[in-house]
Amino acid sequence: MAETKYIFVTGGVSSSLGKGIIAASLAKLLQARGFKTTIQKLDPYINVDPGTLNPYEHGECYVTDDGAETDLDLGHYERFLNVNTSQANNVTTGRIYQSVIEKERRGEFLGKTVQVVPHITNEIKERIQLLGNNGDYDIVITEIGGTVGDIESLPYIEAVRQLKWELGDENALVIHLTLVPYLAAAGELKTKPTQHSVKTLMESGIKADILVCRTEHELSDDIRRKLAIFCNVRQEAVIQSIDADTIYDVPNMMLEEGLDTVTLKKLGLPDDTTPKLERWNEFLKRHKNPKAEVNIGLIGKYVELQDSYKSILEAFIHAGAENEVKVNVESIHSEFINENTIHHKIAHLDGILVAPGFGERGIEGKIDAVRFARENKIPFLGICLGMQMAVIEFARNVLQLKAANSTEMDPETQHPVIDLMEEQKNITQKGGTMRLGAWDCHLSEDSLISRIYGKADIKERHRHRFEYNNKYKEHLEKAGMLSTGINPDTGLVEVVELKDHPWFIGVQYHPEYKSTVASPHPLFVDFIKAALTYSKKKNSASLAPNQ
């Protein structure tokens, strides 16, 4: 293709309608037709990135290979497309203003008064076209965060208006995702909120080309016709997005609705291929027809909000489908785990995952969960802070270093088995200063972790500041906690495992970030496999006759 096409996805009426899933689903369909497609997210908040946000505020912070701390929607993009994203795929208002102000300080505007229009909007347009200008993509889909009418979204909407005018109708289109609510008292779907949302968009100078309508009930032809007339779109461009059993159903639902066909027509692109979704549909078939099930405990401190651990939950879905197993995830708050509650909360589980996190709240509960998994031979996976808790638990209860801790939790601990990296000790700014992005790791020969990966050298994504303290490595290994993954450049320990446990692994990195539909992460796949083996063994033992 000679010229990159741009698709903008906006939202109205309500947040959390699923713009990211619709964007990812359309991208999947276009990719499956042979178009090189990518997606980017524009977030209207003033944070430079979500790295300093509490997960309760905005869900998990997703990390890319190049070390960008980004919005969780980028995880959906990668899981659907099986293509890596980067810093260029996520832009925030904070980053836009930071860049413009730095240019102003350098005198790049030649003494002009710096304004939202044109300086901020020009910066936004430049970021939007960054991916399109490198020649790697036929189509760039841009998701605009927030909802139309939000004051913080106005510069983005204005930038889209300008770009649509500059690029021309065949090179850019706007998809507006909106809500068609069902009023139980009246027994009918109401179109007025959508009409108002589209009107608000038009007041900003943008006409929606396609309407995607989130709904709990089927849209009748009459409602589609009404929406088309009042919202100034063609009837075939009124797309129904009804509630789905799983987000992975949405590409097929959008295919059935013809979202990809309408998009190609409006962009003047050939519609002479059929999306190749065989691998995708095979995954769906295995996901929806499990032959067994396992119960996995997700031990964390942000469990009230499922988006806090979005990538982990999705990685379990991918691994479950690969094993043809239904994975029942029980979210367990680590603050409520103690000697009195642990047996009731954990004993019935087939596997335990201790999740990432920051800060001291809920730490002792995580350590108790690790101990229970270790002593009862339950399959265990510790990720980032979860791996560090495994090291602390082992040091306390096997090495008998009762004061063992991380200096993150106790700066004065006698035994800092987890400590701050030397280069981190003088850092005062928090944003973007952790060990971030993809780092190399060499796996020990004949280790469980190397068997799982099937190779000796891997590259995984990190997001942390504190590290395994190598001063205690010899003592921990002699007692049975082996260091089986090492960063070859720094000598830092990336993986620990127990030699006298059927499946016990702690990793300093975040394997969940790299799990996709097409490539389930091997660590999660093998963890679920181990949990299934444990479950079968446990069940056969309970069914055995008394001797």
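## Basis of the description

Buried means under 20% relative accessible area, exposed over 50%, and partly exposed in between, taken with a 1.4 Å probe and protein chains only. This is a predicted model, in which local features need pLDDT of at least 70 and side-chain atom pairs count only at pLDDT 80 or more, while totals for chains, interfaces and linings use all residues. Residues are numbered from 1 along each chain as its sequence is written, and side-chain values use heavy atoms, with hydrogens and water left out.

## Salt bridges

With a salt bridge taken as a side-chain nitrogen of Lys or Arg within 4 Å of a carboxyl oxygen of Asp or Glu, the count comes to 35. The side chains of E166 and K125 meet in one of them, at 2.7 Å from N to O. This pair links distant parts of the chain, 41 residues apart, with E166 in helix α7 (residues 154–167) and K125 in helix α5 (residues 116–128); helices (H or I, at least four residues) and strands (E, at least two) are DSSP runs numbered from the N terminus. E166 is partly exposed, with a relative accessible area of 45%, whereas K125 is buried at 7%.

R461 forms a salt bridge with D65, the closest N and O atoms being 2.7 Å apart. Because R461 lies in strand β19 (residues 457–464) and D65 in the loop between β3 (62–63) and β4 (69–70), the pair ties together parts that are 396 residues apart in sequence. R461 is buried, at 0% relative accessible area, and D65 is partly exposed, at 25%.

## A linked network

K41, D43, D71, D73 and E143 are joined in a network of salt bridges. Within the pair formed by D43 and K41, the closest N and O atoms are 3.3 Å apart; D43 counts as buried at 2% relative accessibility, and K41 is buried at 5%.

## An open three-stranded sheet

Strands β16, β17 and β20, in that order, form an open sheet with mixed pairing, where two strands pair if DSSP finds at least two bridges between them. The edge strands, each pairing on one side only, are β16 (404–406) and β20 (466–468). β16 and β17 (residues 415–420) pair in the parallel sense over three bridges, and A404 stands opposite H415 in β17.
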